[in-house]
Amino acid sequence: MNKGLKIVVLATQVPDTRNVGKDAMTAEGTVNRAALPAIFNPEDLNALELALRLKEECAGSTVHILTMGPQRAADIIRDAMYRGADGGYLLTDRKFAGSDTLATSYALSCALRKIGADVIVAGRQAIDGDTAQVGPQVAEKLGLPQVTYAEEVLQVKESSLVIRRRLERGVEVVETPMPAVVTVNASAAEVRPQNARLVMKYKYAMIPSEVAANAGSLAAKMVAERDYLKIAEITAADIECDEQQLGLLGSPTKVKKIENVVFQAKEAKCLNSSDEHINELMVELIASHTLG
Amino acid sequence: MANFFSDNKDLQYHLEHPLMRKIVELKERGFSDKDKYDYAPQNFEDAMDSFRRVMEITGGVCGDVIAPNAEGVDHEGPRVENDRVIYASGTVENMKAVNDAGLNGLTLPRRFGGLNFPLTCFVMANEMVARADASFENIWGLQDCAETLNEFATEEQKAKYLKWVCEGATCAMDLTEPDAGSDLGAVMLKATWSEEKQTWLLNGVKRFITNGDGDVSLVLARTEEGTTDARGLSMLVYDKRNGGMKVRRIENKLGIKGSPTCELVFIDAPAELVGDRRMGLIKYVMSLMNAARLGIGAQSVGLCEAAYREALKYAHERQQFGKDIIKFPAISEMLTNMRARLHGARALLYETSRFVEIYKQYTHISHERSLEGEERQEMKFYNRLSDAFTPLVKLFASEYANSLAYDAIQIHGGSGFMKDYPCERLYRDARIMNIYEGTSQLQVVAAINGVTKGTFMEQIARYESLEYSPAMQPIVEKLKALRERVVAMIQRVEGINKEFPQYKDFHARRLVESVGHIIITYLLAHQATEVEEYGSDAKAFLKLSEAYIAGAEAYINSSEGEDVALISEVQEQF
């Protein structure tokens, strides 16, 4: 049996596009981030669960979150700690702003080289971009084998993992040597709930810049006294990287134009966007059991 | 992504009650755990922050896991295989979720792995679980049995059983037998001391045991051979891993179908004595039952919440005569009264839980050191209030659960009678609540002393002396008038009872419920003084109180002593 794995979960904080209300889009047709709460990307939660189960399977293993984003992305690191992760790293720097998937995976892979990991687990894709590129790109950049669409780790061997993948036409069982990158499907086990004892233990966990902003508070005092409350903050200067490949500079993707798609139907019923019409539609859909 | 805590402002209000400071300080003993356990609070604010967070976790598990499973659990139910209970698959999922969320040993001390939360939080969690699935509340809520062990068991027993409960072991209280239901003094299951095995051995049958196949069971048994009454009964703790107990069958019930109600056979099952012999029923089961009654109060309020929400939702969706049915006064009046009763029962529930908590904490402290004079006074004071309020909340909340479930179906009309909507399950689940852990009739017996010996009236006087907002003044004036009428009713009943001994029993329920109505209205008026939105609940509940007391008063005033004979007539028939 393995002596314990160092598992890193790649996670991202996204606007909640699942519970879309009528304010979800701005008049210009872009996502109205102010109206949508920032959440833990759903498939990254599946990835976290897979990582936590792997940790339970191999005594002595650790699970850490690596996320790139602004300061508030530390929220998802704490969230993961409440569910059983040991800690995390927030990769944050103005130089990362405007990253597309290429620049993101470059920054993450540089950070991962520094952190080191036996297993890197990520959600298949994020709900704000739906590209499913970051996990595979990280594997490419690190020169590691990748298992995509993973559903469950079936077996942990001395230096390899046996994994079941969910594909369009069925399932496939593969074995990969470690270290490896695994991206996880939404069909994998759902994440466990936050745990009461862990929430109380870790609720004051912070990155250094949060500690600085809360200087003098009970929380800051607790972080100073207890090492397990320290969440690592990594900037561009902390990782060996080529700044030309970071952020907007390193992102070849350009958004040319965004269009609203209009569906055509023969027998159309006209509803405008007034609250009254929306309510009427909801009542109709519920009555016909289309919804609910 | 439903959350039964964040969607419920009334619950959040009750969590923030001013008495919480005193409760937390008693419970935390000067926050002495703060450097010993990484999850212990640093101070009061820190503790409150943790309560809110954990209640939110509980609300999430209830909304996202337990509630969606409820229909399947009701349909599938548990079964017996090879003398053991197999839970419905949804129940198994629920258990995993509450364990993963760490919601075990909520009130137990940290040295056994518990969260050391106040009873108020446990009651709140119970309520949310019951709103999601009343049958699962039975299983999860039984962790409260461990509180009885915490109070009366040896340190060694606590280290074994409390720790296990904190890790997710489920509990049962094995009291009822085929010939011992409300009359537990008639329990016959035998416990005999075996010199050879150096243990007590249980032999006999228990019936109607909720979660009878739980890991840890508190068993009421006859340790004193030759006795036939309560004085020969002791309490024992049974560990399922030791064998000797079989589940013979589980009952096919009207409601709470997910909760296995078991018939158990004990054959030389080893068990440990808890506390002193002969004190089983008199002391320990009484304590256990009081806690269980508060638990049913919580379960009932949770069901009221579910019924009210189902009814409100349907009344907004259903259209007849070209408009939403909620626009019809007949419907909106029903819903207004449902909400007033829901919020009223909840107000009484948390008031009671605070009384019980303070009393219990002083009891625990008195085991650690002798209490100061003032503390002893306070302990007595809250003990009296707990004893009076516990049956009152069980009575009101469980009856309201039934009436709200009834009204919820009525608002659904014909559709409510079909299996398509959750309200039919709520109706079936509610029906046991005013029966088990003591029927409503027995709650009246337990509460009537509080009426005639002054406990309730003294408390009402305390409510009267509080400050109320100008909007609530007229309500308080009316309550004073009602109180005087109820005092007159009590005097009349006591007077006639001297000559006709059953006369007080005859009217006991009317007196208890009259007093209860006044108390609940006061609690709502007090809440409305703090938060204006409760004003309409207070006003609506006052009307219910006035109507109820007028009816009870008319009934009592028109009953003479001779009417005792009238209600006894049926005894001769059949």
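Axes are lines fitted to C-alpha atoms, for helices over the stretch in contact, and the angle between two of them runs from 0 to 180 degrees between N-to-C directions. The model used in these exercises is predicted.

**Exercise 1.** Determine how α9(B) and α13(B) are placed relative to each other, and which residues meet.

Solution. 
Step 1. The axes of α9(B), residues 280-317, and α13(B) come within 10 Å and cross at roughly 155°.
Step 2. Angles over 145 degrees count as roughly antiparallel. The two helices α9(B) and α13(B) are therefore roughly antiparallel.
Step 3. The crossing of α9(B) past α13(B) is left-handed.
Step 4. On the α9(B) side, L303(B), A306(B), A307(B) and E310(B) take part; on the α13(B) side, C423(B), L426(B), D429(B) and A430(B) do.
Step 5. By class, this contact of α9(B) with α13(B) holds six nonpolar, no polar and two charged residues.

**Exercise 2.** Describe the packing of α11(B) against α13(B).

Solution. 
Step 1. Helix α11(B) covers residues 373-412 and α13(B) covers residues 423-430; their axes lie 9 Å apart, at an angle of about 155°.
Step 2. With that angle, α11(B) and α13(B) are therefore roughly antiparallel, and their crossing is left-handed.
Step 3. From α11(B), the residues in the contact are A401(B), N402(B), A405(B), Y406(B), A408(B), I409(B) and H412(B). They meet C423(B), E424(B), L426(B), Y427(B) and A430(B) of α13(B).
Step 4. Sorted by class, the contact of α11(B) with α13(B) has nine nonpolar, two polar and one charged residues.

**Exercise 3.** Work out the arrangement of α10(B) and α11(B).

Solution. 
Step 1. Helix α10(B) spans residues 329-368, and its axis comes within 7 Å of that of α11(B), crossing at roughly 155°.
Step 2. This makes α10(B) roughly antiparallel to α11(B).
Step 3. The crossing of α10(B) past α11(B) is left-handed.
Step 4. The residues of this contact between α10(B) and α11(B) divide into 23 nonpolar, four polar and five charged.

**Exercise 4.** Compare the span of α3(B) with the expected one, and find where α3(B) bends.

Solution. 
Step 1. Helix α3(B), residues 44-76, has 33 residues.
Step 2. From first to last C-alpha, α3(B) reaches 44 Å, which is close to the 48 Å expected at 1.5 Å a residue.
Step 3. A kink of about 45° in α3(B) is centred on A70(B).
Step 4. Just after α3(B) comes G77(B), with a positive phi of about 65°.

**Exercise 5.** Characterise the side of chain A that touches chain B.

Solution. 
Step 1. In the contact between the chains, 13 residues of chain A face 17 residues of chain B.
Step 2. On the side of chain A, the elements giving two or more residues are α5 (196-202) and α8 (275-287).
Step 3. The most come from α5(A), with five residues.
Step 4. By class, the side of chain A that touches chain B has seven nonpolar, two polar and four charged residues.

Note on methods. Residues numbered from 1 in each chain as written. Chains lettered and ligands numbered in written order. Predicted model: local features only at pLDDT ≥ 70, side-chain atom pairs only at ≥ 80, totals over all residues. Helix = DSSP H or I, 4+ residues; strand = E, 2+ residues; numbered from the N terminus. Expected span 1.5 Å × (residues − 1). Bend = angle between axes of the 7 residues up to and from the residue. Parallel < 35°, antiparallel > 145°, perpendicular 65-115°, else oblique. Left-handed = near helix turned anticlockwise from the far one by under 90°. Contact = placed C-beta atoms within 7 Å. Nonpolar A, V, L, I, M, F, W, Y, C, P; charged D, E, K, R; others polar.
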